Amino acid sequence: MSELHVHNSFTRQKEKFTSITPGYAGLYVCGPTVSGESHLGHSRPYITFDVVQRYLRHLGYKVRYVRNITDAGHFEEEGREAIDKVGEKAKLEKMEPMEMVQKYTNLFHHAFRLFNCEDPAIEPTATGHIVEQINMIEDIISKGYAYEVNGSVYFDVKKYAASYPYGKLSGRVLEDQLETTRELDGQDEKRNKADFALWKNAPPEHIMRWKSPWGEGFPGWHIECSAMSSKYLGETFDIHGGGMDLQFPHHESEIAQSTIAHGHAPVNYWMHNNMITINGKKMGKSYNNVIKLSELFSGNHPLLEQAYHPMVVRFYILQTHYRSTLDFSNEALQASERAFRRLWEAYAILQKLAHSGNTDAEDTELDQKVITWCNECADFMNDDLNTAKVLANLFELAPVINGMKGGQVSIEALSADTFALLKNTFKTYLEDILGMQPLQAEQSGKLDSVLSLLIEIRTDAKKRKDFATSDQIRNKLAETGVQLKDEKDGTVSYTIE
RNA sequence: GGUCGGAUGGCCGAGUGGCUAGGCUCAGCUCUGCAAAAGCUGCUACAGCGGUUCGAAUCCGCUUUCGACCUCCA
């Protein structure tokens, strides 16, 4: 595939991607609700769409990536509700929503920078767009598709479904929704059970509240994304992303609201990532099986055998296609860690290799294979972002690179052009598009010189065949996490864990 | 209950009607003072039962089984 195709959840088909404005792409991704700490499951969408965003830019699009922060609504923080149940509490004893929102927003940003996810161009907050949300609700009411009851406003789904394909995105049948027996908040106020809130009246004790034409209240969950995406990306934009679990009701509701407000569907391509599971079950708050990111990075969780570096997690996620479920296990993460170390080491070696400039390949068969492996990466990305296949090809190339270092393969086996292509492919795909970084930061010069000294002493010992001393140095260093390697050419290299 | 999606080798995971990804593990070999790393070689799977086809893991049907959504959820 020479052009980007993506799986559109709305049509359930792979479609060629064509942006609305040539050269520009608008991407909206549902961001975090900052009432708690992010967990492993959350890493999937933000890493997935970070790659989407990077790839679009690689293709030459100027991308506006918008990802919201949900900081309004009916909040709880680990059992602490955003409702002051005891009215007499002193100010500092009460939960201050802004304090909680700030705390978890900071944690979120910190974690995803460790994942090397690029910051969105715009990261709008729901509380910062109350006016836009109210305007949109008024618009929907004026068009006759929403109604007010006791200070709350609901969207009239039944009326909408009469003229529009409600349920298409999530494969839902309205009749089923109307018959649901669930007891939901505000159910008796709604004309139909399938109706959803655009605005909720705030009871007196509710802390988060804003003035509106319908009294004091707070916005419904779905309206923020519609209001903010249209504000920053336009009434119709290119790609809307998020987890599969948001298809219904969140995204379905977004489509309905925006369709009424703007007269047409809001999004051209809906993309949904699949879930991360643990023991076969979705990792989620309500299942009580989450591993928080801070726990994952520190290894401090009963289910974790060790700490996992953010890059290992990123690699592990990208080794699987984004629309497949991905099951967590220590074994899988550990396999990813080894694999990633090996791949990155090959990349590091490649950067140090230099080609003589020969225009002819000494091994045309290998040369051709390398060209194919490199060029296929673009096809794989274009085929609905098949990062798993891209990585597979990079792994095909790793033995070629390692062989060049080990002497099993001549660098001139490849033509100068192919060698340049090889270098460029690794840089472009591994670093720029998949967004991978080395596991350890650059070492300090001081550590470097200390190790050089030890290596020198050890080399002397080896010359005298004093293997007891040389092995002692190597073993003691290994205990502290520094692995010495005697290279073929007599030099010594090291890696630090 | 309704809707949808899976079931791939020891493990994780791509994938397509025929040319049998990739990673990790494991075994053997090469290199090496010994290691480590690296290279080479080996391990050949697609839940079950039918059907379509010259040919199916890949298409169709049924069965078993797991999961997601239907409520806040990435």
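Which residue forms a salt bridge with E3? In this predicted model, the partner is K16. The closest N and O atoms of the pair are 3.6 Å apart. E3 lies in the segment before β1 (5-8), and K16 lies in strand β2 (residues 13-16). The pair therefore ties together parts that are 13 residues apart in sequence. Both side chains fall in the partly exposed class: E3 has a relative accessible area of 40%, and K16 has one of 35%.

A search of the whole structure finds 21 salt bridges. Side chains of opposite charge can pair when their charged atoms come close.

A second salt bridge joins K231 and E132, with an N to O distance of 2.6 Å. This pair links distant parts of the chain. K231 sits in helix α6 (residues 223-233), whereas E132 sits in helix α3 (residues 130-142). The two residues are 99 residues apart. K231 is partly exposed, at 45% relative accessibility. E132 is also partly exposed, at 23%.

D432 is partly exposed, with a relative accessibility of 34%. K427 is partly exposed as well, at 35%.

Salt bridges also link residues into a network. Its members are D50, R54, R57, E118 and R314.

How values were computed
Residues numbered from 1 in each chain as written. Chains lettered and ligands numbered in written order. Predicted model: local features only at pLDDT ≥ 70, side-chain atom pairs only at ≥ 80, totals over all residues. Heavy atoms only, no water. Salt bridge = Lys/Arg side-chain N within 4 Å of Asp/Glu carboxyl O. Helix = DSSP H or I, 4+ residues; strand = E, 2+ residues; numbered from the N terminus. Buried < 20%, exposed > 50% of the residue type's maximum accessible area, 1.4 Å probe, protein only.
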